[in-house]
Amino acid sequence: MGDMIKGNEAIAEAAIRAGARFYAGYPITPSTEIMEYLSGRLEEVGGTFIQAESEIAGINMVIGASSCGVRALTASSGPGISLKQEGMTTLSDEELPAVVINMVRYGNGIGTLLTAQCDYLRETRGGGNGDYRCIVLCPSSIQEAVELITLAFDLAEKYRMVSVFMSEGALGQMMEPCDLPKMQEVKRYGWGFDGKYTNKLIGIFDRDSMKESVLMNEKYNKVKENEQRWESGYVDDAEYVFVSYGLPGRSTKGAVEQLRAEGHKVGFIRPITVWPFPVKAFEEVNPNVKGFITIEANATGQLIDDVALTIKKVLRADIPAYCNPHVYGIPSMKTIKEDYNKVISGEMKEVY
Amino acid sequence: MQKVLTKPDRCKQCGLCIASCPTKSISFSEDINKDGYCYTMIDHEKCIACGICYTVCPDGVYEILGDK
Amino acid sequence: MAKAKKVPESIDRLMGFCPGCGHGVVIRLIAECLEELGQDKNVIFGIGVGCSSLLGGGLETDRRHCSHGRAGAVCTGMKRVNPDNIVIAYQGDGDAYSIGLAETTAAAYRNENITVFIVNNTNYGMTGGQMSHTTMPGQITTTSPHGRNCDVTGYPIRFPELVASQFNVAYSARGSITSPAQINNAKKYIKNALEAQINHEGYSVVELLSGCPTNWGMSAMEAKTRIDEDLTPSYYPVGEFKAREGK
């Protein structure tokens, strides 16, 4: 097992080892350490670090670097990611890869500094105009985080999309032992600008939206078919299945272990990609399952929507889906078990 | 002798060349191009190939042929 | 004595600018300078939103249509990773000075080694002639129907003067797309700006005053007169505000 390392530093170093050589962004709690780490490290490896004048400038600088074929990233939280939405729809429209890191903090508007999962719907649906999608990856440990950073860049380039690395603020601040990946060879992807106009572009007035929509749907269907990732356990005979991602997903897994030891037939699905949503994980669930329970750290319940849609798609629409939104923080195993008791006692009513 | 070539399909009838030509060699045709503009025509007898029409034209209508 | 003049291939296509608009001349001057400097196959454009977008498919070079106002940031990103390419931001006054003021100013502030061309026609042209940051006092636009009241809306911004006096930049100038003499003069400024980038001197900007016959409600010649006899003497002088050092 590797040395102890702070989450944000591990994420930043993992990006370097994945071949990222451009960062532009703005400080915002709880993501700032990623930027601070890269301000020195990028120079060491011959990359480019820019402290942008704003979040908007940061994402647009990433657009510039990505246009030239360089692996580029930015990191932010809350209102900072909100500012980047136009940049993200633009990256999607131009089919430019990039990695956007959201270390999620709780709240609307300027929000708070509390760790949370309140950006789920926005990241999976996209907050910019149009009907693009981004690949969204959610780690539940620092080790998994560094692996997902590499995957984020690889998938972004493979499909020419934005990969959103969505983690809770707490993961960036905590320390865990972690083995960092090896340093990758730095390459530029072939369709970047070289000044010579090697790759011809379609004039903006010659674009065909009908044709492009067909291609876009084909791309997204390919991603949905091939790139779902999840961890699951005890689902084949479960009466109730918990669904939870990130750090709450980790305590959910612990709660399930404890409930099983107490004789309860429960299982869990921990999405690692929330877009594409791990629909295939639900196909493995006991067909006689009695209900699904999401454990999430936001106020209104967001993951529950995708769970309900997936239940309808692969099981039976009348299976109930429960959610007691925990607002912020990381629900403890004790709290999760209390949720379970409320479900089986009938005290908690289903959301769907 | 023709010293200046034109691309009538580019002309948008803005009149800048006509106003700027020092020998008043340019005029509008009575015909229209495919965008509906009366394109410019050069009186090659009067034209001295000074290049001012090329300079002021925003639409790349003119090409000045150099001395051979 | 005739000198051959042919429009450079990179821009030799019909573009959607209004009749008499200065954009067509500006992009031609830029393309000529790139050819003359041997950089026409070594250039990336960052194009603004507005009338600049009409470069569209007419400009056959590496290019990125930037989000409104953000060309300063996009070009910064491009130049930092591709320092050997010529990176040009091509914007209007609305794109660069209103919505994009932060990014436009910040690129100058950081003395990024890019070249910025801003076509100033004292209104938001593409959207139908609204007031912009460069609209003159008293000028009637669709959002200043009684004439611009500068006590409430602010006075026209002089960006080349601002960066020349307040920031550490390599070159800053304003030209006007009016008479043949002024156009030839503007071409000198454009060439200087590009040379500043080629020689790694730092940030260069040239603002180009252009007529907007459509939204000014004038003929192309009347628009030219407005610039030469009104805008330039009263508010927007033509000249170099920061000359290149050690030319």
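Modeller: Below we take the chains and then their contacts.

Biologist: What kind of model is it, and what are the ground rules?

Modeller: This is a predicted model; local features need pLDDT of at least 70, side-chain atom pairs count only at pLDDT 80 or more, and totals for chains, interfaces and linings use all residues. Residues are numbered from 1 along each chain as its sequence is written, while chains are lettered from A and ligands numbered from 1, in the order in which they are written.

Biologist: Start with chain A. How many helices and strands?

Modeller: Chain A has 13 helices and 14 strands. Helices are DSSP runs of H or I with at least four residues, strands are runs of E with at least two, and both are numbered from the N terminus.

Biologist: How compact is chain A for its length?

Modeller: Its radius of gyration, taken over C-alpha atoms, is 20 Å, close to the 20 Å from the globule rule for 352 residues, so chain A is as compact as a globular protein of that length. The rule is 2.2 Å times the number of residues to the power 0.38.

Biologist: What box do the C-alpha atoms of chain A fill?

Modeller: Roughly 70 × 50 × 35 Å along the principal axes.

Biologist: What share of chain A is buried?

Modeller: Buried residues make up 53% of the 352 in chain A. Buried means that 20 or more other C-beta atoms, placed from the backbone, lie within 10 Å of the residue's own.

Biologist: Now chain C. What's in it?

Modeller: Chain C comes to 9 helices and 7 strands. The radius of gyration of chain C is 17 Å, close to the rule's 18 Å for 247 residues, so chain C is as compact as a globular protein of that length. Of those 247 residues, 60% count as buried.

Biologist: Switching topic. Which chains have the most contacts between them?

Modeller: Chains A and C, among the 2 pairs of chains that touch. A contact means C-beta atoms, placed from the backbone, within 7 Å.

Biologist: And how far apart are chains A and B?

Modeller: Their closest C-alpha atoms lie 17 Å apart, and no contact joins chain A and chain B.

Biologist: How many residues do chains B and C put into their contact?

Modeller: Chain B gives 23 residues and chain C gives 24.

Biologist: Which element gives the most on the chain B side?

Modeller: α2(B), with 4 residues. The elements of chain B giving two or more residues to that side are α1 (16-20), α2 (52-56) and β4 (62-64).

How values were computed
A residue is buried if 20 or more other C-beta atoms lie within 10 Å of its own, exposed if 12 or fewer, and partly exposed in between; C-beta atoms are placed from the backbone.
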